[in-house]
Amino acid sequence: MVAIFKNAQSFVREYRSEFADNLGKSFEESDAAEQYQMLVRLIRKNISRRWINTNDRYDKKNGAKQVYYFSMEFLIGKLLNYYLINLGIRDVVSEGLSTLNVKLGDLCAYEADAGLGNGGLGRLAACFLDSMAFLGIPGHGNGIRYRFGLFQQKIIDGNQVELPDNWLKNGYPWEIRKPENAVVVKFNGDIVTKTDGDRLIFEHENYEPVLAVPYDVPVIGYGSPEQINTLRLWSAEQVGDEFDFASFNRGDYTKAVHSRANAEMISYVLYPNDSNVSGQELRLRQEYFLVAAGLGSITERFKKKSVNWDSFVDQVAVHINDTHPAMCVPELMRILMDEEALSWEKAWTITVNTISFTNHTVMPEALECWPQEMFRRLLPRVYMIIKEIDRRYREALAARAATPEQMNNVAIICDGQIHMVKLAIIGSHSVNGVAALHTEILKRDLFRDFYAITPYKFNNKTNGVSHRRFLLEANPGLSALIGETIGDGWIRRPEELAYLGKFDNDSHFLKQLSDVKYENKCALSRYIHETTGIAADPAAIFDVHVKRIHGYKRQLLNVLKIMELYNQLKDNPNLDIPPGVFLFAGKAAPGYHFAKLVIKLISAVADKVNNDISIRDRLKVVFLENFNVSIGEIIYPAVDISEQISTAGKEASGTGNMKQMMNGAVTLGTLDGANVEIRDAVGEDNMGLFGLNAEQVASFHQKGGYVSWNEYHNDRRLKRVLDQFVDGFFPGAGGDFRDINDSLLRDNDEYFVLKDFPAYLDAWRKLANLYRDKEEWSRVSLRNIACSWSFSSDNAIRGYWDEIWEKKE
């Protein structure tokens, strides 16, 4: 690998020059913000030629396939420290900065987490880009450059309050604006049909144009500075710079800026609230904006190399990450037919063989549907194509004597709605789930009719996470210990982590492992105290539940456990319970009332427990607000017990379980999502399993037989805790938690919280007792680290490349 800087002195010379060249001032006159900006500019300048060369090499390499990964989210977090590691220059830069009395950590802290995602979907996309760059796969991301992220979460009086996530307020020095590659995206208007001989021509008139302007961000893989891939983010702007001066002069200021505001709104906010019609329409605009801009750019790039559309599938792979980019199917058809004059049949063959689709959920609310009339009005030509895809698919099924039920189950347009997941399945050559159990549920239940018709499309690709991001960078202490023990080969070849298994009887190594964990817990304790004022004892069990707040993820079950432990201590202050710090983090969707109530309940329990001197600090409850990648990188290295307790059959995969496992956490979970494969890798003795399995949950849903009132009446612990929700146990709460009580009893506990409670508590106690034996706990922790290699995103991406994107028939 060719070094960017020969030594610290050469770095300092170049760094100082950036201030004079870009700011017209010396380094000594600069502030921390400028020092951060100039450091990123310097790194970007030094990789720019390599970045350009990478793209030139891709374009000149005839027959080389490039992957375009479409996702509404790319949760890339902060890049500076990670890219310095990947470029092999972190130590040189840190040394050089120290001669200027600047700490690298301070500049890294100045960087904002990019507001481009929300949770696992976006972080998976970022990990996949990282692994593609490392593995030398020509792979690029296509997303939206949101002006504001999802939201900045504040907890005020126990309530989640959403504030704007203004992550771009100080600019984003990693990006490069590319206005010359802008694409015009068309909304609304009329479709005029004409004929040219035997060919129908569709012209879009009276449309509302929006300009999609790309901003490119480099994707730098570890040890691969000569190959730099691209994350292309699209920003919505007004076409042209016309200003309605006449309206402005008349005092109609709103009308004067209406066109610009209407265009720019598309890329303002990630996931606008779609509980109203305006929000729904804005989301639909966002999704079409992404696919139209991305495919427009891809096809233009292809045409610069070739005019032979038969070679398109050999040079381009389009992957849609969940249903949000499902309109890639009709939009690629539109481009091929309307702009390139291909027949329907040829365009369809190219489209299906180009596009692949990953499903990420079995939850009905995440399987997008759009009102047919709204869709037709907003996207008239795309609607026509979807309608024709639906008609032809139904016609083909009728020829195969499909049953009426099958026909209805696979119809894209049904009951006045357009079903995006059905469009994605029909228009793709590959459909994959993200964990073995999840894929089986798709085939057996959710998409069983599609699977019966085209079983060859369906396959599994279990999710993975970047071990270089969440172990090498996030946990330098553990990474150093691993390197000293088995060498650094694991950084490039994660399977070498398995070599650690040979040390599970080495008491000295296990003590070192325990010491590293303790130091990481001390770091997290300091962060907790700085941000919340709560004193968390690093010697206690760190029981961590960090993920999006949702009913099926069952933060509520965890709260019931904590309340039961508290009740036990109140009944018997001398009870021997291992001290525990119970940490929660995650955001609730702004319109999700139940999830926001759960956050308020966690806060109420924290106030009750943390301020009760009678339990002598043996329990602490913490909610860390505004969870993001950077906070995750502080938390993951410190976790003892990883709470992965979703209702079986509801979590597609999960990736937090993998990140925490890599850092030595022990999983406490149900047999759901990738937990099943974690069990297969590490063994039941090295985790805590409990609860109903997916088949049992499905049976209760289908056949009935579960009555939550019975659990309430038959378990005095549950009865006591649930009564505390409504009997004044929480001062000042009033009836705040009545809805939670009703969800469990009146609404029959949709997610089987009460059913799984006894087994969950038993499994937790088993792990808590194991924690008392420090050496044995470290041994179990080590086994989890050693077995985590199979969950590296490198492995997942090799599967996608070999079996989907570059698969040879």
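Good morning. I begin with helix α21, residues 476-486, in which Leu478, Ser479, Leu481, Ile482, Gly483 and Ile486 are buried. Please keep in mind that the model is predicted. The cover over the buried residues of α21 includes α20 (467-473), α22 (489-492), α23 (507-532), α27 (656-662) and α34 (774-787). Just past the end of α21, Gly487 adopts a positive phi of about 90°.

That leads me to backbone angles elsewhere in the chain. As background, most residues other than glycine have a negative phi. Asp617 is not a glycine, yet its phi is positive, at about 60°. Asp617 belongs to the loop between α25 (593-610) and β20. Is Asp617 buried or exposed? Its relative accessibility is 51%, and it therefore counts as exposed. A second residue other than glycine with a positive phi is Asn748, where the value is near 65°. Asn748 sits in the loop between α32 (738-744) and α33. With 31% relative accessibility, Asn748 counts as partly exposed.

Which order do its strands take? Six strands make up this open sheet, in the order β20-β19-β18-β21-β22-β23, and their pairing is parallel. The edges are held by β20 (619-624) and β23 (688-689); each has a single partner strand, so one side of each lacks a neighbour in the sheet. Between β19, residues 580-585, and β20 there are six bridges in the parallel sense, and Gly580 stands opposite Leu619 of β20. Helix α33, residues 753-771, lies across β18 (541-546), β19, β21 (641-644), β22 (666-669) and β23. The angle between α33 and β22 is about 165°.

There is also an open sheet of three strands, ordered β13-β15-β14, and here the pairing is antiparallel. Its edge strands are β13 (369-371) and β14 (413-414), each with a single partner, so one side of each is left without a neighbour in the sheet. The antiparallel pair of β13 and β15, residues 417-419, is joined by three bridges. Within that pair, Cys369 has His419 of β15 as its bridge partner.

I now turn to strand β10. How many of its residues are buried? Ten of its ten residues are buried. In general, side chains of a regular strand alternate between the two faces of the sheet. In β10, Ile228, Thr230, Arg232, Trp234 and Ala236 point one way, while Asn229, Leu231, Leu233, Ser235 and Glu237 point the other way, and all are buried. β10 pairs with β2 (residues 139-144) in the parallel sense through four bridges; there, Ile144 stands opposite Trp234. β10 also pairs with β9 (residues 208-220), this time antiparallel and through ten bridges. Tyr215 has Leu233 of β10 as its bridge partner.

Val239 has a relative accessibility of 32% and so counts as partly exposed. Together with Val184 and Tyr207, Val239 makes a nonpolar surface patch of about 210 Å².

My last topic is charge pairing. Side chains of opposite charge can pair when their charged atoms come close. With a cut-off of 4 Å between a side-chain nitrogen of Lys or Arg and a carboxyl oxygen of Asp or Glu, the count comes to 58 salt bridges. One of them links Glu162 and Lys596, whose closest N and O atoms are 2.8 Å apart. Glu162 lies in strand β4 (residues 159-163) and Lys596 in helix α25, so this pair ties together parts that are 434 residues apart in sequence. Glu162 has a relative accessible area of 29% and is partly exposed.

How do the partners differ in accessibility elsewhere? Arg717 and Asp715 form a salt bridge with closest N and O atoms 2.9 Å apart. Arg717, at 17% relative accessibility, counts as buried, and Asp715, at 12%, also counts as buried. Asp742 and Arg746 meet in a salt bridge at 3.6 Å, N to O. Here Asp742 is buried, with a relative accessible area of 14%, whereas Arg746 is exposed, with 59%. Finally, salt bridges that share partners join Glu345, Glu388, Arg391, Arg392 and Glu395 into one network. Thank you for your attention.

Terms used
Residues numbered from 1 in each chain as written. Predicted model: local features only at pLDDT ≥ 70, side-chain atom pairs only at ≥ 80, totals over all residues. Heavy atoms only, no water. Patch = residues over 30% accessible without salt bridge, like charges linked within 9 Å, V, L, I, M, F, W, Y side chains within 5 Å. Areas by Shrake-Rupley, 256 points an atom, 1.4 Å probe, with all protein chains shown as cover. Buried < 20%, exposed > 50% of the residue type's maximum accessible area, 1.4 Å probe, protein only. Pairing = 2+ DSSP bridges. Helix = DSSP H or I, 4+ residues; strand = E, 2+ residues; numbered from the N terminus. Contact = heavy atoms within 4.5 Å. Axes fitted to C-alpha atoms, helices over the stretch in contact; angles between N-to-C directions.
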